[in-house]
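Let's take a walk through this structure together, one stop after another. Have the sequence and the 3D view side by side as you read.

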Amino acid sequence: MDLAGVVGMLTPGELVWLLAAVAKGDEAAFERLYAATRSKLYGVVLRILRRTDLADEVMQDAYLRIWRNAGEFDPSIATPITWMVAIARNRALDLVRKKREASLEDEPQAMEMASDDPSPLARHEMTEELRRLLACLGDLEAERRRLVLLAYYSGWSREQLAAKLDTPVNTVKTWLRRSLIQIRECLGS
Amino acid sequence: MNADEDRDDRNGKDDRDVRAAEYVLGTLDPDERAEAQALIDSDPEFVALVHKWERRLGELNVLVAPVDPPAETWDRIKARVAGSVTPAVVMPPEPGPAIEAPAPKVEPVEVAAPKVEPVEVAVPKIEPVEVSQLLRPAEPVAAPAGADVIDLTRRLWRWRRIAGVTGAIAAVLAALVVAQDYRPDLLPAPIRPKPVIQVIEKPVEVPSPRPAQYVAVLQRDASSPAFLLTFDLDRHSLAVRRVGAEKQSGKSYELWLISDKLAGPRSLGLIGGDEFTVRPEPAAYDQVTINAATYAVSLEPEGGSPSGAPTGPVLYTGKLIQATPRGFDLQTP
């Protein structure tokens with residue numbers, strides 16, 4: 001039994017199946033894959049980019065990449081959704097790093113959207129992996145945990161994190177490093 | 001701690017691994033990020049490190065609230081896909097009917113999780129006090145698509161093995177862990193999982209008239225019933241009542257559906273430690289399959305079978321019998 005570790009989506013097994021069909025050029029499967037995953041990926045990239053135009057751009061790039069590279073998906077390495085989210089997040093991070101701080105402050109409308117979160121969190125089930133990760137994050141000191149989560153969810157740079165926590169960038173760098181090593185050791189893999 | 005950290009800092013392997021981790025996390029500056037990308041293009045070992053971190057941290061995406069993109073996004077993707085080189089032309093010979101079939105409400109195959117409606121879906125009610133009770137409200141559920149679904153589940157079976165095994169109990173435990181141990185301040189406000197954790201005030205409602213109920217006695221021999229399994233077709237749930245089975249510390253009882261229509265036993269989830277375990281009815285199986293199947297309980301490592309198939313001894317088995325005539329009102333399993 002696998003509870004989908006994903007929101008409002010198909011089970012991982014179904015997504016794997018869809019990806020396999022997409023790898024063969026099945027456009028209908030691709031559309032279904034998009035329908036099942038779009039809101040998760042959009043939620044992830046919009047949180048990082050905070051601008052709908054940029055998020056739209058990243059969604060296009062990400063899904064084009066998913067379309068082309070579906071055959072590279074390896075279910076022994078990742079679940080379908082972590083694979084797809086990683087692709088989308090990476091595109092978003094590339095873009096936001098390129099634009100540096102510019103994208104954050106120049107679009108008040110987008111800021112509003114990012115902070116205002118009216119839609120209920122969609123259903124999800126926590127996977128065992130997530131439970132363990134959260135337990136390990138819980139072992140971090142509160143500030144360091146915050147760094148990791150802000151970096152993951154909001155895509156903040158070290159500079160932004162340093163400004164937020166009113167800490168030198170080098171300290172942020174050291175904290176991130178130690179936190180990540182601690183998470184790795186805690187997860188034991 | 002400091003000594004440990006100093007040692008970590010001297011460890012050159014960690015430099016690479018932390019670089020991979022920070023690449024995944026996104027905290028590398030543009031130059032470092034470009035270097036990391038160059039490594040990804042040229043160094044399979046580094047790629048493996050990145051994959052590991054994507055796996056470690058990637059689970060966090062579960063807590064991101066989904067947002068529906070505008071419809072134009074899909075139009076643009078479609079246009080770009082049409083203009084791109086198609087990887088291949090072959091369709092799988094028989095596309096899985098249930099995946100193809102009645103959109104948008106696709107019932108997840110194995111554990112009945114709520115329907116595909118990314119933005120405004122019903123949140124499953126998770127009772128944070130009694131771990132063993134994963135209740136689902138008696139919301140209208142599309143009838144299983146009959147034989148189509150069976151066919152799909154067979155098709156999916158080989159994928160399911162690799163898709164990972166995660167129990168509903170684990171989900172409830174996780175909800176507990178997050179709710180109680182980590183307090184909401186763990187997570188930045190916008191992604192707090194709070195809405196997911198809800199206390200159920202009362203048991204699932206009992207609508208009437210009620211359809212027939214089906215019961216299986218799971219036992220080793222005729223004199224030692226261990227579990228009573230009840231399918232509640234109206235509430236789309238199944239209930240397992242512990243009768244004679246002993247609690248096993250460090251082990252979990254897992255319930256399986258065995259049907260000659262299916263390639264192998266299908267997990268129906270773990271049986272909790274309390275007297276009753278209530279679960280959503282497995283939407284993947286049609287009535288004929290459910291009625292004809294054999295049910296079995298195996299003893300698995302805590303948290304359930306790691307492989308998706310029974311690994312421990314099968315202790316109890318039984319088949320369903322109709323226990324009540326249609327319309328008979330039965331309050332408890």
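Start with helix α4 of chain B, where B:Phe46, B:Val47, B:Val50, B:Trp53, B:Glu54, B:Arg56, B:Leu57 and B:Gly58 are buried. Buried here means under 20% relative accessible area, while exposed means over 50% and partly exposed is in between (1.4 Å probe, protein chains only). Helices (H or I, at least four residues) and strands (E, at least two) are DSSP runs, numbered from the N terminus. Before going on, keep in mind that this is a predicted model, in which local features need pLDDT of at least 70 and side-chain atom pairs count only at pLDDT 80 or more, while totals for chains, interfaces and linings use all residues. Residues are numbered from 1 along each chain as its sequence is written, chains are lettered from A and ligands numbered from 1 in the order in which they are written, and side-chain values use heavy atoms, with hydrogens and water left out.

What sits over those buried residues of α4(B)? The cover includes α4 (80–98), α7 (128–139), α8 (142–154) and α10 (169–187) of chain A, together with α2 (12–25) and α3 (30–42) of chain B. The helix itself runs over residues 44–58, and from first C-alpha to last its 15 residues reach 20 Å, close to the 21 Å expected at 1.5 Å a residue. That expected span is 1.5 Å times one less than the number of residues. At the start of α4(B), B:Asp43 puts a side-chain oxygen within 2.9 Å of the backbone nitrogen of B:Glu45.

Now for the nonpolar cores. A core is a set of buried Ala, Val, Leu, Ile, Met, Phe, Trp, Tyr and Cys residues joined through side-chain atoms within 4.5 Å. The largest one has 84 residues, and A:Phe30 and A:Ile66 have the most contacts inside it. Helix α2 (residues 27–49) of chain A gives this core its largest share, twelve residues. Leaving out residues up to four places away in sequence, A:Phe30 touches A:Val22, A:Tyr63, A:Ile66 and A:Trp67, plus B:Trp74, B:Ile77 and B:Val81. Contact means heavy atoms within 4.5 Å. A second, separate core has 25 residues, among them B:Ala226, B:Leu257, B:Leu268 and B:Ile290.

With 13% relative accessibility, A:Trp83 counts as buried. Its touching partners, again not counting residues up to four places away in sequence, are A:Leu19, A:Ile66, A:Asn69, A:Ala70, A:Phe73 and A:Ala78. A:Trp83 and A:Ile66 are 17 residues apart along the chain, and their C-alpha atoms are separated by 9.2 Å.

How many disulfides does the structure hold over all chains? There is one, and it joins A:Cys136 to A:Cys186, S to S 1.9 Å; a disulfide is a pair of cysteine sulfur atoms within 2.5 Å. The pair links distant parts of the chain, 50 residues apart, with A:Cys136 in helix α7 and A:Cys186 in helix α10 of chain A. The link is left-handed, with -80 degrees about the S-S bond. A:Cys136 is buried at 5% relative accessible area, whereas A:Cys186 is partly exposed at 35%.

Helix α10 of chain A also holds A:Thr174, whose side chain reaches the backbone oxygen of A:Asn170 at 2.9 Å.

Next, some backbone angles. Most residues other than glycine have a negative phi. A:Arg50, though, has a positive phi near 60 degrees; it lies in the loop between α2 and α3 (52–69) of chain A and is buried at 14% relative accessible area. A:Asp166 has a positive phi too, about 55 degrees, in the loop between α9 and α10 of chain A, and this residue is exposed at 69%.

Finish at strand β4 (residues 251–258) of chain B, where six of the eight residues are buried. Strands pair if DSSP finds at least two bridges between them. β4(B) pairs in the antiparallel sense with β7 (residues 294–301) of chain B over eight bridges, and B:Lys251 stands opposite B:Pro301 there. β4(B) also pairs with β5 (residues 266–271) of chain B, antiparallel over five bridges, with B:Trp256 opposite B:Ser267.

Terms used
Polar contact = N/O pair within 3.5 Å; in protein donor to acceptor, adjacent residues only side chain to side chain.
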